[in-house]
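Hi,

Here is the structure I said I would pass on.

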Amino acid sequence: MKQFDSGGVGIETRATAPKGLTESDLVRMYEYMVLARSLDERMWLLNRAGQAPFVISCQGHEAAQVGAAFSLQPEKDVLVPYYRDLGMVLYFGLTPRELMLSLLARKGDPTSAGRQMPGHYGSRKHNVITGSSPVATQVLHATGIALAAKYRREDTVAWTCVGEGGTSQGDFHEALNFASIHRLPVVFFVENNGYAISVPQRKQMAIENVADRAAGYGMPGVTVDGGDPVAVYTVAREAVDRARAGGGPTLIEAKVQRLTAHSSDDDDRTYRDPEELKAERAQDPIVRFRAALMEQGVLTEAQDADIRARIKAQIDDATEFAEQAPYPDPAELMLHVYGS
Amino acid sequence: MAREITYRDALREALREEMDRDERVFLMGEDIGAYEGSYVVTRGFLQEYGRKRVRDTPISELAIVGLANGAAMGGLRPVVELMTINFSLLAMDQIVNHAAKIHYMFNGQFTVPIVIRTASGWGQLGATHSQTFEAWYAHVPGLRVVMPATPKDAKGFLKSAIRSDDPVMFIEHSLIYRNRGEVPEGEYLLPLEGAEVRREGTDVTIVSWSRGYYLAMGAAEELAREGIEAEVIDMRVLRPLDTDTVVRSVQKTNRLVIVEESWRTLGMGAEIAAAVQEQAFDYLDAPIARVGSVEVPMPYAKNLERLVIPGKDEVVAAVREVLYRDLAAAR
Ligand SMILES: Cc1ncc(C[n+]2csc(CCOP(=O)(O)OP(=O)(O)O)c2C)c(N)n1
Ligand SMILES: [Mg+2]
């Protein structure tokens with residue numbers, strides 16, 4: 001298991017396949033990362049063009065999300081994401097078309113039929129559970145889903161994601177405590193980008209690593225370089241295997257970067273040092289992984305160009321598809337207020 | 001002498017004046033420092049007053065209010081900001097079980113002089129970001145609940161709220177921060193009570209508060225063009241609730257329309273209507289009409305959201321209804 005030391009930003013990204021992954025899996029990881037990034041960038045374009053009222057980004061989190069997702073089995077595991085987890089939900093099978101429908105709040109949006117804000121991903125058929133806007137509430141839901149899985153003796157691991165800011169909520173602490181007492185099959189994945197909107201980590205907690213909190217609840221805690229998908233995969237896989245084998249929960253903290261403003265409603269120039277942002281951009285996880293793959297001879301320039309062309313076509317198609325889709329039907333306003 | 005300033009600037013003036021006047025007043029909340037608040041009310045405050053008096057907190061609403069209760073018992077006068085009223089639900093226990101009750105439960109030994117500033121509002125923000133909960137807080141003895149519509153009230157009420165020894169829910173609205181209005185030069189305080197008749201009329205009374213007040217005024221102007229003179233009352237303070245002003249108006253106009261942004265079921269409108277039928281039953285010439293939101297969690301899609309929140313047209317229609325206008329026209 002790789003421990004990320006905090007002085008080590010910029011450490012090598014590995015491109016050799018660990019247990020359970022082939023070289024072609026590494027290329028697939030890269031593809032998911034590029035897809036998530038490109039889709040996210042298109043969403044911002046639509047926002048700036050006045051077509052999408054709200055965007056919240058995965059940019060800078062892609063390696064962590066995709067590395068983690070590869071440790072899960074979307075057919076039977078349950079993902080309880082938060083609003084940055086575009087990379088994870090793509091791996092769980094939501095398509096660019098579906099995600100664009102959600103962004104533009106169109107009738108066919110499979111996550112909520114236009115009811116939820118963008119970024120609040122949920123799709124029953126994909127084992128993705130929607131969250132509400134109050135942060136960290138999903139961590140409790142994931143714990144409950146793990147409780148249900150254990151109760152019903154199902155081979156399901158619940159995986160939930162939360163920002164480091166969300167870990168200040170009681171929900172987070174109470175969930176970890178409960179999950180550990182009952183050795184529930186759940187993994188808590190903290191995507192630590194160092195900010196809760198404008199509030200830097202040092203004003204959110206007096207510790208450097210969120211994962212240190214695991215000790216207080218009696219579960220393993222691991223901090224990992226979230227810019228390295230293989231490193232994330234490795235620790236994630238270990239946690240998922242342990243949860244599946246009845247060994248209880250794990251807290252994983254991936255150190256990531258927030259390469260955009262908090263959301264399309266935010267202007268981060270008032271509180272972010274441009275030098276810091278520049279330094280973070282230089283550590284862009286996609287650039288790092290691409291370089292590593294090329295160095296190892298796993299990816300060629302031609303292959304990369306081909307991947308990017310394919311993804312661009314897919315996103316063009318998704319954009320056009322969603323733009324032409326109808327708005328939600330007013331006659332369905334009251335549908336689903338109650339389930340019976 | 002009065003000047004025209006925005007609702008937001010009025011709030012800033014109130015906070016500044018009270019912070020300058022009283023060392024014990026300090027601000028606490030999420031993103032109120034460098035970010036200057038979700039709705040930019042605390043612009044420049046961090047530079048001006050420093051980190052001791054302008055504290056960014058972790059995302060912990062329960063802790064923010066609970067700590068404020070403690071700090072208040074410890075001799076300070078905390079003014080906390082909860083980003084939106086939706087997130088005040090996370091602090092409900094500290095607001096309802098503690099802030100509202102400590103003075104009473106200690107037989108008056110401790111006061112809890114806290115102000116909870118938060119914002120109601122909506123605008124493509126989805127079901128858990130668009131709610132209107134003033135009625136929940138107005139339900140609770142021990143709390144004062146203020147929901148100003150105008151810059152003048154915003155400033156005068158906020159200053160009084162900070163000086164009050166009681167816990168005050170001070171509810172702003174995301175869609176009126178830029179509204180401008182006259183505000184007196186120099187210091188003034190407004191008592192934390194009393195509705196206000198803002199437009200005199202003889203045919204119907206329209207009652208609302210916060211953003212709803214602007215809907216009511218818009219409707220009144222439109223109705224005036226067809227010869228209907230509406231009296232418009234801004235409730236301003238929701239606990240204690242000044243129903244006497246409404247009753248007096250209904251005794252004159254004989255008809256009442258209540259406008260609220262929340263769901264009507266068990267809302268402020270229900271309470272006001274109950275008071276009016278108790279005290280002015282014989283004066284009513286028509287059933288009281290209530291205009292509110294459709295009873296559904298708020299959808300994100302713009303075309304659906306528009307169906308949920310009442311607009312000026314719904315207010316005008318309700319007035320016509322209590323005046324039996326459409327019936328008269330049909331005859
Ligand atoms: C209970 C609650 N309080 C406040 C907010 C407003 N809010 C939305 S996102 C956010 C910051 C979250 O930071 P973090 O958990 O670190 O996630 P990040 O956005 O950095 O990925 C805040 C304060 C909220 N959604 N819920
Ligand atoms: Mg963060």
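**What I found**

Let's start with the ligand: 21 residues surround ligand 1, and the closest are Pro134(A), Gly163(A), Gly165(A), Gly166(A) and Ala196(A). A residue counts as near a molecule or strand when its C-beta atom, placed from the backbone, lies within 6 Å of it. The site is shared between chains, because the residues around ligand 1 come from chains A and B. By class, that shell has nine nonpolar, six polar and six charged residues. For the classes, Ala, Val, Leu, Ile, Met, Phe, Trp, Tyr, Cys and Pro are nonpolar, Asp, Glu, Lys and Arg are charged, and the others, Gly among them, are polar.

Before you go further: this is a predicted model, where local features need pLDDT of at least 70, side-chain atom pairs count only at pLDDT 80 or more, and totals for chains, interfaces and linings use all residues. Residues are numbered from 1 along each chain as its sequence is written, while chains are lettered from A and ligands numbered from 1 in the order in which they are written.

The model scores ipTM 0.94 and pTM 0.95. Chain A averages a pLDDT (the predictor's confidence in each residue, from 0 to 100) of 94, with 96% of the residues at 70 or more. Over residues 1-10 of chain A, though, the pLDDT is below 50, and this stretch has 17 contacts in the model beyond near neighbours in sequence. Two residues are in contact if their C-beta atoms, placed from the backbone, lie within 7 Å. Where pLDDT is low, the predicted coordinates should not be read in detail. Chain B has a mean pLDDT of 97, and 98% of its residues reach 70 or more. Within chain B, confidence is lowest in helix α14 (residues 325-330), at a mean of 67, and highest in strand β11 (residues 230-234), at 99.

**The two chains**

Chain A has eleven helices and seven strands, whereas chain B has 14 helices and 14 strands. Helices (H or I, at least four residues) and strands (E, at least two) are DSSP runs, numbered from the N terminus. Chain B has a radius of gyration of 20 Å, close to the 20 Å that the globule rule gives for 331 residues, so it is as compact as a globular protein of that length. That radius is taken over C-alpha atoms, and the rule is 2.2 Å times the number of residues to the power 0.38.

Of the 340 residues of chain A, 53% are buried, and buried residues make up 53% of the 331 in chain B. Buried means 20 or more other C-beta atoms within 10 Å of a residue's own, exposed means 12 or fewer, and partly exposed is in between, with C-beta atoms placed from the backbone.

Where the chains meet, 25 residues of chain B are in contact with 31 residues of chain A. Helix α12 (residues 302-308) of chain B gives the most to chain B's side, with three residues. That side of chain B has 16 nonpolar, six polar and three charged residues.

**Some local spots**

Helix α9 (residues 211-225) of chain B has 15 residues and reaches 22 Å from its first C-alpha to its last, close to the 21 Å expected at 1.5 Å a residue; that expected span is 1.5 Å times one less than the number of residues. Its buried residues include Arg211(B), Gly212(B) and Tyr213(B). Among the elements covering the buried residues of α9(B) are β11 and β13 (256-263) of chain B.

Glu261(B) lies in strand β13 of chain B. With 26 C-beta neighbours inside 10 Å, Glu261(B) counts as buried. Leaving aside neighbours within four places in sequence, Glu261(B) has contacts that include Arg211(B) and Gly212(B).

Most residues other than glycine have a negative phi, and most peptide bonds are trans. The bond from Arg239(B) to Pro240(B) is cis, with omega near 0°. Ala113(A) has a positive phi, near 55°, and is buried, with 22 other C-beta atoms within 10 Å. Leu266(B) also has a positive phi, of about 60°, but is exposed, with 12 other C-beta atoms within 10 Å.

Cheers
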